Amino acid sequence: MTNAEADALLERYSRADITAAELRRRLGNISYADVIIELGKRNLPLPRASEKGREERLAKAHAWLFPHVT
Amino acid sequence: MSAPRVSLFVVDTGPLITLAAADSLDYLLFPNVPVVIPDAVFYEATRDVGKLGAQSVINWVKAHHAEIEIAVTEIYTIYDAARQVNPAVRMPHMGEQAAIEVIEEPGRLQGDDVAILLCEEAAITRRITINQPDSIVEMTTMDLLRALEREQRINSADAVFERAEKSGRSPSRIEKFGDHDPEIRDAVRETLASLQKGYGGRAER
């Protein structure tokens, strides 16, 4: 894999377009620690997955973790 | 009606490494529910103690052994046995398979028990066969941090991620993890071996 291809994959991961599992596999089964370091080298942020479409499930999880909220 | 019994299952290494890199592993304990880490996930997060976050994870588990369960799995036991014969053996997706094994373990989720699966991305539940799918919800690391932020238990979820990102950019920070205690690796091996000896019931707490 070329550096440009690795850059592109890391950018896609940073945008949450691909999963960490796919990224790690395509970069040769690197560890998650290496993912953070490779993102850091390129000044890319960790992905912030959107809550859109998951609001109900996340509200349920929140209520389980913090029952006083309900 | 009483609240359901909630457990937090850490089903891949991502949350452990991200929070370790941000010096924020204790946030996993803030909801005050049992934390379960499958042995294979713990092993994958710590097998190279020179890696970012690994030693922090080990130290954190040791410091909070009463609150954190390292759950024994057959997949890791098989891997460990195979590794004795061939140290180069690889078992892809072992952590994920171990997580599924733990969650599907008979007696693990009973009655009104519910489980939060903490992972780097929400994709694992579709691979789990469970009688009560409504009793499981996946959260990413950021989802958990946002929940803590809403509860005013932490100041800023984004600030935690920014600390992890900064850690990945900092050569001195990364090098620091290479300066590990040489006894740690043996301690991890002994911990996992002692758990395997007791395999057959739930792991030690």
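A salt bridge here is a side-chain nitrogen of Lys or Arg within 4 Å of a carboxyl oxygen of Asp or Glu. Over all chains, a search of the whole structure finds 15 of them.

The model is predicted: local features need pLDDT of at least 70, side-chain atom pairs count only at pLDDT 80 or more, and totals for chains, interfaces and linings use all residues. Residues are numbered from 1 along each chain as its sequence is written, chains are lettered from A and ligands numbered from 1 in the order in which they are written, and side-chain values use heavy atoms, with hydrogens and water left out.

**View 1. The interface of chain B and chain A.** Contact (heavy atoms within 4.5 Å) joins 42 residues of chain B to 31 residues of chain A. The buried area is about 3,000 Å², and carbon and sulfur atoms give 62% of it. Buried area is the accessible area (1.4 Å probe) that two parts lose on being put together, summed over both.

View 2. In one salt bridge, the side chain of B:Asp158 meets that of A:Arg48 at 3.2 Å, N to O. On the side of chain B that touches chain A, α1 (13–21), β4 (114–119), β5 (136–140), α6 (141–150) and α7 (157–169) each supply at least two residues. Helices (H or I, at least four residues) and strands (E, at least two) are DSSP runs, numbered from the N terminus.

**View 3. The open sheet of chain B.** Its 5 strands run in the order β3-β2-β1-β4-β5, with parallel pairing. Strands pair if DSSP finds at least two bridges between them. β3 (68–71) and β5 of chain B are at the edges with a single partner strand each, so one side of each lacks a neighbour in the sheet. The twist averages 25° from one strand to the next. β4(B) and β5(B) pair over 5 bridges. B:Leu118 has B:Met139 in β5(B) as its bridge partner.

View 4. The side chains of A:Arg26 and A:Glu22 meet at 2.9 Å, N to O. Both lie in α2 (residues 20–26) of chain A; they are 4 residues apart, so about one helical turn separates them.

Methods:
Axes are lines fitted to C-alpha atoms, for helices over the stretch in contact, and angles run from 0 to 180 degrees between N-to-C directions.
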